[in-house]
Amino acid sequence: MARYWKTGRALTAGAALLGALALSGPAQAADRTSIVAYGAHTRARAVSYGANGAVRVCDAYPDHYGVAVRYYRRVGNLQTLSNFNGSCSETTDIQSNPIILFTACVIIDGVDYCASPYQDTGR
């Protein structure tokens, strides 16, 4: 009888642990933001959020300058996404190869002025 009781308790503890793991879901990195201020205004804002599979860059001030985000995925080299139409652009959402580092940039006369240091997404 004691043997059955110990086994039953171990199964109950194991089931509780499995249930807690199932309810916890995948680990989420914290949201991160990178901005570029030029003069008295924020010019470009880049945001990586949720599972950090994508990053979005937005033109934050109507000054006719382009904006960009430079970023690294877990696997791959430096990539750049530019936007010259005064709105927002977003990378493809690839959660299996998340964004790990990124920075916002404003493009003035063909030169990228980027925030420093790169934001670490924790992925």
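The following questions and answers concern a predicted model.

Visitor: Is Asn52 buried or exposed?
Guide: Asn52 is found in the loop between strand E2 (41-48) and strand E3 (55-59). Buried means a relative accessible area under 20%. The relative accessible area of Asn52 is 0%, so Asn52 is buried.

Visitor: What is phi of Asn52?
Guide: Most residues other than glycine have a negative phi. Asn52 is a residue other than glycine, yet its phi is positive. The value is near 60 degrees.

Visitor: Is Asp109 buried or exposed?
Guide: Asp109 is found in the loop between strand E7 (99-108) and E8. Its phi is also a positive value, near 50 degrees. Exposed means a relative accessible area over 50%. Asp109 has 77%, and is therefore exposed.

Visitor: Where is Pro117, and what kind of peptide bond joins Ser116 and Pro117?
Guide: Pro117 lies in the loop between strand E8 (111-114) and strand E9 (119-120). Most peptide bonds are trans. For the bond between Ser116 and Pro117, omega is about 0 degrees. This peptide bond is cis.

Visitor: Why does Tyr65 count as partly exposed?
Guide: Tyr65 has its place in the loop between E3 and strand E4 (66-73). Partly exposed covers what is in between under 20% for buried and over 50% for exposed. Tyr65 counts as partly exposed because its relative accessible area is 26%.

Visitor: Which residues does Tyr65 touch, not counting residues up to four places away in sequence?
Guide: A touch here means heavy atoms within 4.5 Å. Leaving out residues up to four places away in sequence, Tyr65 touches Tyr38, Arg43, Asp59, Val106, Ile107 and Ile108.

Visitor: How many Å apart in space are Tyr65 and Gly86?
Guide: In sequence, Tyr65 and Gly86 are 21 residues apart. In space, C-alpha to C-alpha, the value is 8.0 Å.

Terms used
Residues are numbered from 1 along each chain as its sequence is written. This is a predicted model: local features need pLDDT of at least 70, side-chain atom pairs count only at pLDDT 80 or more; totals for chains, interfaces and linings use all residues. Side-chain values use heavy atoms; hydrogens and water are left out. Helices (H or I, at least four residues) and strands (E, at least two) are DSSP runs, numbered from the N terminus. Buried means under 20% relative accessible area, exposed over 50%, partly exposed in between (1.4 Å probe, protein chains only).
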